[in-house]
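Good morning. Please look at the sequence and the model on the screen while I go through several of the features in turn.

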Amino acid sequence: MYGMLYESVAFYVQKEYGQEVWKRVCHIVDCKHSSFKTHQIYPDKLMPDFAAALAACTGETFDYFMNFFGKCFVRFFSNFGYDKMIRSTGRYYCDFLQSIDNIHLQMRFTYPKMKSPSMQLTHIDNDGAVIVYRSGRTGMSKYLMGQMAEVAKEFYGLDIKAYVLESQNDIAGGTAGPIKLSDTPLTVIVKYRLDFDNRDYMAKRVNVTAHPSHLSLPPINMSVFLDLFPFTIVLDHDMCITHAGEKIVETWILHNPGKNPKSFIGSHVMDLFECRRPKGTKIEWDTLIQMRTVLFEFELLRTGRNKAAYDAAMKMDFENFDEMEFSEASATMRRSEEENEENEDEIDEATGERKESHFFKSILIKGQMFYMKDLDSLIFLCSPLIENLDELHGIGLYINDLNPHGLSRELVMAGWQHCSKLEIMFEKEEMRSDELEKSLDLADSWKKQGDELLYSMIPRPIAERMRNGEEATCQSFDEVSVIFIEVMNIYNGDSNKLEDAMLAVTTLNKVFTAIDEEIISPFVYKVETVGMVYMAVSGAPDVNPLHAEHACDLALRLIKKVKALQIPDLSIRIGINSGPVVAGVVGLKVPRYCLFGDTVNTASRMESTSEPFKIHLSFNTAKKVREVGYKVVSRGHVKVKGKGEMETFWLVDTPKE
């Protein structure tokens, strides 16, 4: 079923019973869909399952909710403008009942996979009507009753009473539905009686008796009638073809090589055609005589299509028909047919693929059944169902074969032109799609670059919290290790030469890039660079209990890395301190992740009092790494600005394995 039916159920169940009840129902039936899309197909069983679950939740019956769902759909489809289509079917409710099948037929253009039921009005009187419903779905008859009642009330101001007269295979669905023991599809047939005030329709009903002006008309010659309507079929009480238009006979011959062309007249209509719509209708006199307003759709049964066989059949002299001659002609037709089939299997040399074939293209004819009193016969006044020129050629017809009157030719040409417009639109949409794809790729590239830039200024976890609208509040860390690295001897401040300044910038960039390569997230995070000084931290923003060890490992790697650069006179000095800090994002224009606290100041002092290519540790850091085996040498007491005398240490090497 299309999603629009389930949309109506979800909307009105939540409106009438509340969102909590709908959630319980979805949980009971294990429905994975939080919402339904109008043009998407969903399982048929969801509808009866929803009804069974609601019955369990509310205490109402299964049939009550199936009826309720039908009413919901009628109320809901007005949002899509389908109420205008219902109102335009006719002045009276009976006009609507006669047009239900035609409405479903038109809806196939919007919903091509719609499996619509078939409904025929079989009896009309002053007190209501009788309608027969046929469907391949079981358990939906109460749903239909709800729809018909709501249409009558909403659009025609009628209160109807609907009840079932006869029923066949109408099995209630739902989660507790019976198990099908047969693989053959069940055809549900339900006959309803609809009680309502139908006196106005009966009083103004036309064509019940012949109008006086009709009685004075002379009889028309049947050959003239068939010339006017070349696809017409005339049926007697036994549903056998007594007369037929020239084009329908030629089309049948074209698609049935090897069969006696004379056998078309006199055959039962169901031996030559299959009734596609209305589904499940018995093609018999008593049934069709009451289906005056119903559109019938027949498919021509065929064994194939072969131009050579067709030409051979058309050249035969059937007036002086000879059985032996026909046998020889049939053999010729079969040979031609086999040759045609072999040709169909040819491989296209250009593409290497099998050539496309229109050999078995279905031929559909659509029209109304009329009773002609003068002939005491039913006339199927029809025309082929063709959308465009490609389809016309595919079934072996030409424009001139179609009715010269009416809109058949115009519709085919309009369909072809419409296809051309659609192709142009499709090409434009493809171009737009390609452009959009390129734009999206470019946007993704820009986003990645923006993210990389953002994460270079702000730690990723904090940046993502800010992106989600959360406040970037300050964080306190009980203990981290702060590292300061200063690059020395790359620029003479007294020099006024531009070349010296550019060389200093290039050298500094080379050193800082080398340091960046040694930063391993999340063990160590780069905080910032200020002038010649590079600042990093271990233990923030990701808590790391081994922060001191990771800070020392980084320092030892950097000494080796910078020495390996072999830049003359260049050196670095490093200072590390461990302790508590407060961290947070500062600024709006160029936000930065900054560290605050005495631990940062002490680490800076360790760096400023260090020596070239040496790692200066505070007492707190030295104590931590010495306990795990790092080689640390006491430097003694050093006078530190703002701190006085402090015992500090040199880091010499990593623990011995």
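In which loop does P541 lie? P541 is in the loop between β13 (533-538) and α20 (547-565); helices (H or I, at least four residues) and strands (E, at least two) are DSSP runs, numbered from the N terminus. The peptide bond that leads from A540 to P541 is cis, with omega near -5°.

Residues are numbered from 1 along each chain as its sequence is written, and side-chain values use heavy atoms, with hydrogens and water left out.

Let me turn to confidence. The pLDDT, which is the predictor's confidence in each residue from 0 to 100, averages 79 over the protein chain, and 79% of the residues score at least 70. Confidence is highest in strand β16 (residues 615-617), at 95, and lowest in helix α15 (residues 323-344), at a mean of 49. Over residues 340-360, pLDDT stays under 50, and the model has 26 contacts beyond four places in sequence for them; a contact means heavy atoms within 4.5 Å. Residues 174-183 also stay under 50, with 11 such contacts. Where pLDDT is low, the predicted coordinates should not be read in detail.

Next, the backbone. D30 is found in the loop between α2 and α3, and M239 in the loop between β5 (233-235) and β6 (241-244).

Now to charged side chains. A salt bridge is a side-chain nitrogen of Lys or Arg within 4 Å of a carboxyl oxygen of Asp or Glu, and the count by this rule comes to 22.

Finally, E435 lies in helix α17 (residues 408-457). Thank you for your attention.

Conventions:
This is a predicted model: local features need pLDDT of at least 70, side-chain atom pairs count only at pLDDT 80 or more; totals for chains, interfaces and linings use all residues.
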